[in-house]
Amino acid sequence: MKQRQKETRAAPTAEQPRLYRDLAEWYPLLTPVEDYREEAAFYLRQFTAHCRRAPASLLDLGCGGGHNAAHLKASLRCTLVDLSPAMLALSRRLNPECEHVEGDMRSLRLGRLFDCVLVHDAVSYMSSRTDLAAAVATAFTHTAPGGVAMFLPDFVSETFTPGAECGGSDAAGRGLRYLEWRWTPDEKGEVYVTDMAYLLRDERGIVEVVHDRHLMGLFPRGVWQAIIAAVGFTPLMVPFEHASSDVAGHDVFLGLRPQPGERT
């Protein structure tokens, strides 16, 4: 995608990235489903440890291609929600036994309660405190008393560092390689930009280069905990246990929904 020189310092926009629209079919090569096995096991341990009863149901807000659900569905009855029809189509192929709902995590209301609510890294797209509060309120509304919600931003203010990463994979005669470049348009602001460059090689060996921009929220730990508490959860922060956690620097935020008569 061509960029005029003067656009390199332009203010970022919140348009949905191409990865979740016309490039969605390439998503499994960006982050293969097998890469989620270890972290999904961590999420299940947290749900089991903090839910007041043996967890049986899960609402996944911002499920993407359903890669977490592919590993969690053996233990939990999963309802998968995403704003992107293209990503839901991927998840339906991978998880045909799961319920799928197209919806926005800021406004979704299913009228049902779940033992566990997972808001994976899609919560990073909440680029304002208002949007983040709306997503957390949605999680609270759908968490059963005694249940637990989990939020996994890619970064908080205290852990963010500008930088670049690369990766990708091959499958079924196609290949993807990416360069990820993280930077902040305003050092005192609460957003950061992830510019992605994709090299896409199709079955014929033809390679295309695509630029894709992702606008992400960046909030201090105290803001996360205050927003989680404000809706009625008891907030809890736990370290992310993963072989790559020393690189990722993730913080995992839990919201424990009190049972009736229990103080937060």
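Let's start with β5 and strand β11 (residues 251-256): 4 bridges join the two, and they run antiparallel. Two strands count as paired when DSSP finds at least two bridges between them, and the elements themselves are DSSP runs numbered from the N terminus, with helices being H or I of at least four residues and strands E of at least two. Within that pairing, Ala 149 has Gly 255 of β11 as its bridge partner.

A quick word on what we are looking at. This is a predicted model, where local features need pLDDT of at least 70 and side-chain atom pairs count only at pLDDT 80 or more, while totals for chains, interfaces and linings use all residues. Residues are numbered from 1 along each chain as its sequence is written, and side-chain values use heavy atoms, with hydrogens and water left out.

Now, what does β5 do on its other pairing? β4 and β5 pair in the parallel sense over 5 bridges, and here Val 117 has Ala 149 of β5 as its bridge partner.

Let's zoom out to the whole sheet. It is open, with 7 strands in the order β3-β2-β1-β4-β5-β11-β10 and mixed pairing. β3 (99-102) and β10 (234-239) stand at the edges with a single partner strand each, so one side of each has no neighbour in the sheet. On average, neighbouring strands are turned by 20 degrees against each other, direction ignored.

Which helices pack on this sheet? One is α2 (residues 37-50), touching β1, β4, β5, β10 and β11, with its direction at about 150 degrees to that of β5. Another is α5, touching β1, β4 and β5, at about 145 degrees to β5. Touching means heavy atoms within 4.5 Å, and the angles, from 0 to 180 degrees, are between N-to-C directions of lines fitted to C-alpha atoms, for helices over the stretch in contact.

α5 has a helical partner too. The axes of α5 and α6 come within 9 Å and cross at roughly 45 degrees. That makes α5 oblique to α6; angles under 35 degrees count as roughly parallel, over 145 as roughly antiparallel, 65 to 115 as roughly perpendicular and the rest as oblique. The contact involves Arg 129, Leu 132, Ala 133 and Val 136 of α5, and Val 223, Trp 224, Ile 227 and Ile 228 of α6. Val 223 sits in α6 (residues 221-230) and counts as buried because its relative accessibility is 12%.

What about the interior? The largest nonpolar core has 27 residues, and those touching the most other members are Leu 61, Val 119, Leu 132, Ala 139, Phe 151, Trp 224 and Phe 233. A core here is a set of buried Ala, Val, Leu, Ile, Met, Phe, Trp, Tyr and Cys residues joined through side-chain atoms within 4.5 Å. α5 gives the most to this core, with 5 residues.

Finally, 4 strands form an open antiparallel sheet in the order β6-β7-β8-β9. The twist averages 15 degrees from one strand to the next. β6 is joined to β7 (residues 174-183) by 9 bridges, and Ala 171 has Arg 174 of β7 as its bridge partner. Thanks, everyone!

Technical notes: Buried < 20%, exposed > 50% of the residue type's maximum accessible area, 1.4 Å probe, protein only.
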